[in-house]
Amino acid sequence: MLAAAWWKGPTAREQLVLVEEKAPVIVEMPLVSYGGLGARQTRGTYRTQEIRLYGAGRHSGLYRPARNLWVDDLDRVPSGQKVLFRVDPATSLIYEATSNGKVLLSYERTAARLNEQFWQILLIGLGLLAFGLGWLAKLTGFFGRGRPASAAPP
């Protein structure tokens, strides 16, 4: 979990790829399920946007905003108007979207959301590590004591 938390951190704005598309941009809104098979694991769903970017050249493909974020008013951009996306091809995330000076999704919101997820996963990982170390200490203390001395024969 600690390694996963580290991976969830935001990419620096300077390292993102700028992709230009012309409206209308085709958006699909699938329902994403998360969680494991166990009864105690957190499970749920959330709706996201999947946007296929064709103008990205070698970086073209299917991109989506960070979990629970939206590229607002994308369907209201007039036909033929440019929409600029800042994306991370490694994670297929959309960090920023602007059109004609209007911010549809800001880098700051995306980075804040990814930082929030980073800290949540990090704290969960540290909690599990502390729990495991506590149990290991109990087991080591239990087996380290040995057997109690038996009573001397009469």
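This is a predicted model: local features need pLDDT of at least 70, side-chain atom pairs count only at pLDDT 80 or more; totals for chains, interfaces and linings use all residues.
## Overall picture

Residues are numbered from 1 along each chain as its sequence is written, and side-chain values use heavy atoms, with hydrogens and water left out.

The protein chain has 2 helices and 9 strands (DSSP runs numbered from the N terminus: helices are H or I of at least four residues, strands E of at least two). Their order from the N terminus is α-β-β-β-β-β-β-β-β-β-α. Among contacts (heavy atoms within 4.5 Å) with a separation of 6 or more, 56% join residues 24 or more positions apart.

## E50

E50 belongs to strand β5, residues 50–53. Its relative accessibility is 13%, so E50 counts as buried. The E50 side chain makes a polar contact of 2.2 Å with the side chain of R64 (a pair of N or O atoms within 3.5 Å; within protein, one must be able to donate a hydrogen and the other to accept it, and residues adjacent in sequence count only if both atoms are side-chain atoms). Beyond four places in sequence, E50 is in contact with I26, V27, E28, P30, L62, Y63 and R64.

## D88

D88 lies in strand β7, residues 82–88. D88 counts as buried because its relative accessibility is 9%. Its side chain and that of T11 form a polar contact of 2.8 Å. Leaving aside neighbours within four places in sequence, D88 contacts T11, L16, Y63, L93 and Y95.

Technical notes:
Buried means under 20% relative accessible area, exposed over 50%, partly exposed in between (1.4 Å probe, protein chains only).
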